[in-house]
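Please look at the sequence and the structure shown here.

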Amino acid sequence: MVTERMNKKTVTVFGLGFVGLTTALGFAETGCKVFGIDVDTERKGFLREGRVPFHEPHMEEVLRKHIGQSFFVTDDIPAAIAESAYVFYCVGTPYGADGSADLTYLFSAIDSTLDAVHDEKFRVLVTKSTIPPSTTAEKILPYIKGKGGKAEHLGVANNPEFLREGHCWEDFMEADRIVLGVNDETSKTLLTELYEPMGIPIKCVSHSTGEFIKYLSNTLLATLISYSNEMAQAADAFGGIETAEAFRILHMDKRWNHCNMSSYVYPGCGYGGYCLPKDTSAFYAQAAEKGFDAQILKQVIRTNTDRPVRIAEKIARCLEKGGDSKKSGHTGTIGVLGLSFKSGSDDVRDTPALKVIQALKKLGCTDIIGYDPVAMEEFARRYPDVGIRFARSMQEAYEESDILAIVTAWEEFREAPGLGNKEIIDCRYML
């Protein structure tokens, strides 16, 4: 929780997506003056009007409190940099075909910063975007030093985020820990002063350690999910196993120290969204580049890639058995409940729902109707060629389908069995 001692500092944040907007508003909440910079014109328009362009609880209320008061969405990068001692980079670091992290957006933001520096004021440049270990030491620092005299007045650090979509605000303001990958004392002092008012434990480590901690966290979560999905498939192979109940009883083990493991040690359709697929693949590729073949992570990625296919095969088998249809083969209608990668979010990036739908189509199941409480518009915008219909409600999806498949664990889908007697394939083990 923020203490009464407030910041009187100025911060610039590049990138105003989930991480960047949360970071910007979090610092504004602690008393900082914050400039937000983004290349997306539509997003900037939304934010200036006090509207958040994605689904994230509490964020719009906080935005309206600070927009134009302590948080300013600006296109004047030189003015923002001139006033700021802190520059945070929250831009995307997507993964390419080989799984490695693409740093194009990060270096573009750094270039914009360096081009705007025209004085000898000390600034700390902080990468909050996820980057593989050794990136700061081997790529960012040499790049900045190559710019000549400006590097003398710049500190470089990384500050990994541990935000869950749907819980971004609370995860930032009530974080378990703040990790600072920082190798010089001036930057360490400045960043510690910036975060101290939040009253959260601060851990200062080396550049590469800070980068590694983020991957250590995300690859563990990905491993837990893939492990759970593999065990659920094994349970199906054995037959006669109450899979959901088995996992719930597993969670009771006191050796887990009463931690909330149920979100990750539980079967589903595979991990999706922006972070886990990107970070697990990027870390595996980076380790391979360094000469180490991470076999566990290789299998984690393989299991996750395979999971939607296995789910689709299960749905197709149920449809072929008949469902509520008298048609033969895969010619009935499948209702897919849930299109976002997780409940509580409208994020459909790398969503398992898309992969399940694509796998179903390859199996010959072409008539699919989807429903999601918040993500249908975003799904249709991002995947215009996927070729499905959309229902206006869970009830409509039920009425239009021969069978239903729960693909995202929205709480309202627990009521699906009450809609009637059609078969429901519970791909999230929530019923």
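The text that follows treats strands, then helices, in a predicted model.

**An open sheet**

Five strands form an open sheet in the order β11-β10-β9-β12-β13, and their pairing is parallel. The edges of this sheet are β11 (389-390) and β13 (424-426); each has a single partner strand, so one side of each is left without a neighbour in the sheet. Helix α12 (residues 295-321) packs on the sheet and touches β9, β12 and β13. The direction of α12 makes about 165° with that of β12. Within the sheet, β9 (residues 333-337) is joined to β12 (residues 403-406) by four bridges in the parallel sense. One of the residues concerned is Val336, whose bridge partner in β12 is Ala405.

Helix α13 (residues 352-362) has buried residues at Pro352, Ala353, Leu354, Val356, Ile357, Ala359 and Leu360. What do the buried residues of α13 pack against? Their partners are α12, β9, β10 (367-371) and α14 (376-382). After α13 comes Gly364, with a positive phi near 95°.

**Strands β4 and β7**

In a regular strand the side chains alternate between the two faces of the sheet. Strand β4 (residues 86-89) has Tyr86 and Phe88 pointing one way and Val87 and Tyr89 the other way, and all are buried. Strand β7 (residues 178-182) is mostly covered, with five of its five residues buried. Ile178, Leu180 and Val182 point one way from β7, while Val179 and Gly181 point the other way.

| Pair | Sense | Bridges | Partner residues |
|---|---|---|---|
| β1 (residues 10-14) and β4 | parallel | four bridges | Val11 and Tyr86 |
| β4 and β5 (residues 123-127) | parallel | four bridges | Phe88 and Val126 |
| β6 (residues 154-158) and β7 | antiparallel | two bridges | Asn158 and Gly181 |

**Two helix pairs**

Two packed helices are described by the angle between their axes and the distance between the axes.

The axes of helix α5 (residues 104-116) and helix α6 (residues 135-145) come within 12 Å and cross at roughly 25°. An angle under 35 degrees counts as roughly parallel, so α5 is roughly parallel to α6. The crossing of α5 past α6 is right-handed. On the α5 side, the contact consists of Leu106, Phe107, Ile110 and Asp111, which meet Lys139, Ile140, Tyr143 and Ile144 in α6. By class, this contact of α5 with α6 has six nonpolar, no polar and two charged residues.

How do the axes of helix α9 (residues 207-238) and helix α11 (residues 275-289) cross? They come within 9 Å and cross at roughly 110°. Angles of 65 to 115 degrees count as roughly perpendicular, and α9 and α11 are therefore roughly perpendicular to each other. Their crossing is left-handed. From α9, the contact takes in Phe212, Lys214, Tyr215, Asn218, Thr219, Leu221, Ala222 and Ile225. From α11, Cys275, Leu276, Asp279, Thr280, Ala282 and Phe283 take part. The residues of this contact of α9 with α11 divide into nine nonpolar, three polar and two charged.

Terms used. Residues are numbered from 1 along each chain as its sequence is written. This is a predicted model: local features need pLDDT of at least 70, side-chain atom pairs count only at pLDDT 80 or more; totals for chains, interfaces and linings use all residues. Side-chain values use heavy atoms; hydrogens and water are left out. Two strands pair if DSSP finds at least two bridges between them. Contact means heavy atoms within 4.5 Å. Axes are lines fitted to C-alpha atoms, for helices over the stretch in contact, and angles run from 0 to 180 degrees between N-to-C directions. Angles under 35 degrees count as roughly parallel, over 145 as roughly antiparallel, 65 to 115 as roughly perpendicular and the rest as oblique. A crossing is left-handed if the near helix is turned anticlockwise from the far one by less than a right angle, and right-handed if clockwise. Ala, Val, Leu, Ile, Met, Phe, Trp, Tyr, Cys and Pro count as nonpolar, Asp, Glu, Lys and Arg as charged, and the others, Gly among them, as polar. Buried means under 20% relative accessible area, exposed over 50%, partly exposed in between (1.4 Å probe, protein chains only).
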